Amino acid sequence: MISSPPRASRKLVGTLYGYLFLSEFVLLYPVYTLLFTDAGLSVAETSSLFVIWSVTGMVLEVPSGAWADAFSRRLLLCLGPLLGAAGFGLWTLFPSYWAFALGFVLWGAKEALVSGSLEALVYEELERLGESGRYATVMGRARSVGLCADAAAIGLAVPVFAVGGYPVVGAASVVVGLVCAAMALAFREHRSGVEPEAGDGYLATLKAGLAEARGDRRVLKALLLVPVVTAVWGALEEYVPFLGLEAGVSASTVPLLILLVWVGATAGGLLAGRAQRLPVRGLAAVIAAAATAMAGGALTGHPAGFLLVAVAFGAFHMAEVVVDARLQDRITGSSRATVTSVAGLGTNVVGLLVYAVYGLTSSFVSHGVSFALLVVPYVLVALWLASGSGQGR
């Protein structure tokens with residue numbers, strides 16, 4: 001007998017929050033670049049590791065989504081953290097370039113396995129309970145929980161590293177990965193029409209997902225929208241410290257500016273449920289206003305401008321959750337994770353483009369100008385939505 005919707009829904013949401021918190025609560029995140037440096041890696045070698053990480057994720061993104069649809073999304077949500085934990089263990093025990101490279105392959109695989117699988121499982125379980133309308137609220141809060149876990153990991157990594165160095169930080173990261181994998185088993189997954197033993201089942205699932213992604217115009221428009229809304233602000237987040245230094249703050253104060261930006265992003269996730277009710281032109285107005293705030297705050301060259309930057313990050317995060325929810329609403333076939341993974345692949349590609357453009361422009365203009373230039377895609381997206389050509393309700 002199926003549990004009553006309120007009880008089953010609470011269990012699903014609680015498991016999701018716990019899973020995303022553990023997924024992001026990795027003490028190695030704040031110090032792994034220091035680990036690479038102490039192991040003797042050059043900047044070029046470190047950059048090559050990031051390329052390996054990105055390429056692995058892109059190559060496995062869509063195939064893993066089809067695997068999730070054809071077999072089990074919960075299984076992939078369990079395997080992902082195990083791969084990540086194995087990679088962190090390699091970094092800790094064998095700190096060398098090739099161990100780091102293999103660790104990034106495992107980490108990239110972990111992210112590919114989880115991407116698409118998590119969204120598909122959560123949406124369909126909520127849909128089964130008659131609560132698919134809560135998806136944006138639930139995912140927005142869950143993403144905010146993940147951001148809080150990031151901040152907590154940064155705060156705890158410093159004292160733990162001071163006490164035990166890389167071995168203790170690495171061991172803690174492995175343990176958290178194992179616990180996260182166990183948490184995935186608490187998800188309930190109700191599937192129908194799946195043939196887990198049929199090799200043709202996987203290929204048929206992959207083809208069906210790709211066919212829906214390119215054949216359904218409403219789905220295709222959503223797939224074009226998600227990567228831009230998601231990837232640009234996500235990539236720009238990496239450059240906030242440079243923007244802070246350019247604004248004249250000391251290196252010791254930069255973390256406070258990063259914290260301010262994270263507070264903004266967290267608030268945006270918490271507001272996503274309300275924003276889901278926005279009409280398409282309302283969403284366009286939010287994105288346009290966020291782009292204006294981002295450019296204005298970055299170009300001030302003053303620490304006070306980070307208030308606007310934080311507001312912009314919050315609005316972009318809110319819009320990210322909303323466009324993901326609207327994509328999920330438009331998917332009608334059984335290959336939901338496959339279609340969502342296509343959006344994930346697009347996000348990875350756009351993210352790499354943003355990194356490349358930022359690296360090129362920062363050689364000639366200030367960081368503030370680079371930020372302002374890279375919000376232009378948001379202006380174009382807002383105009384596209386406002387014209388009625390983009391995503392509708």
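**Cavities, fold and selected residues**

Helices α1 (5–24), α4 (73–93), α5 (97–114) and α7 (135–184) each contribute at least two residues to the lining of the largest cavity. The model is predicted. The lining of this cavity comprises 14 residues. Nearest the centre lie S23, V26, F88, K110 and G177. By class, the lining residues are 9 nonpolar, 4 polar and 1 charged. The volume of the largest cavity is about 90 Å³.

In total, the structure contains 2 cavities of 30 Å³ or more. The second largest cavity has a volume of about 60 Å³. Three helices, α10 (240–246), α13 (280–299) and α14 (306–330), each supply at least two residues of its lining. The lining residues include L243, E246 and A247. Also in the lining are G297, A298, T300, G301 and H302. G305, F306 and V309 belong to the lining as well. Here the division is 5 nonpolar, 5 polar and 1 charged.

The chain as a whole comes next. Its secondary structure consists of 17 helices and 0 strands. The radius of gyration is 21 Å, close to the 21 Å given by the globule rule for 393 residues, so the chain is as compact as a globular protein of that length. The C-alpha trace spans about 60 × 55 × 35 Å along its principal axes. Of the 393 residues, 51% count as buried. The chain exposes about 16700 Å². Carbon and sulfur atoms supply 69% of that area. Among contacts with a separation of 6 or more, 85% join residues 24 or more positions apart.

Helix α16 covers residues 367–374. Its buried residues are G368, S370, F371, A372 and L374. The cover over these buried residues includes α9 (217–236), α10 and α13. It also includes α15 (336–361) and α17 (376–386). Two of the helices named here, α10 and α13, also each supply at least two residues to the lining of the second largest cavity.

S362 is partly exposed, at 28% relative accessibility. Leaving out residues up to four places away in sequence, S362 touches H367 and S370. S370 is one of the buried residues of α16.

I331 sits in another loop, the one between α14 and α15. With a relative accessible area of 3%, I331 is buried, because buried means under 20%. Residues up to four places away in sequence aside, I331 touches E212, V219, R336, V339 and T340. A213 is 118 residues away from I331 in sequence. In space, the C-alpha atoms of I331 and A213 are 8.7 Å apart.

Helix α13 contains A290. A290 has 4% relative accessibility and therefore counts as buried, the limit being under 20%. Beyond residues up to four places away in sequence, A290 touches A312, A315 and F316. G40 lies 250 residues from A290 along the chain. The C-alpha atoms of A290 and G40 are separated by 41 Å.

S9 belongs to helix α1, one of the helices that line the largest cavity. S9 is buried as well, with a relative accessible area of 3%. Its contacts, neighbours within four places in sequence set aside, are with L126, L129, E131 and R134. S9 and V122 are 113 residues apart along the chain. Their C-alpha atoms are separated by 10.0 Å.

Technical notes. Residues are numbered from 1 along each chain as its sequence is written. This is a predicted model: local features need pLDDT of at least 70, side-chain atom pairs count only at pLDDT 80 or more; totals for chains, interfaces and linings use all residues. Side-chain values use heavy atoms; hydrogens and water are left out. On a 1 Å grid over the protein atoms alone, a cavity is a set of points where a 1.4 Å probe fits but cannot get out, and a pocket is an open set with protein on both sides within 12 Å along at least five of seven lines; lining residues have an atom within 4 Å of a point. Grid points are joined across faces, edges and corners, and a volume is the space filled by probe spheres set on the points. Helices (H or I, at least four residues) and strands (E, at least two) are DSSP runs, numbered from the N terminus. Ala, Val, Leu, Ile, Met, Phe, Trp, Tyr, Cys and Pro count as nonpolar, Asp, Glu, Lys and Arg as charged, and the others, Gly among them, as polar. The radius of gyration is taken over C-alpha atoms; the globule rule is 2.2 Å times the number of residues to the power 0.38. Buried means under 20% relative accessible area, exposed over 50%, partly exposed in between (1.4 Å probe, protein chains only). Contact means heavy atoms within 4.5 Å. Accessible areas come from the Shrake-Rupley method with a 1.4 Å probe; for residues, only the protein chains shown count as cover.
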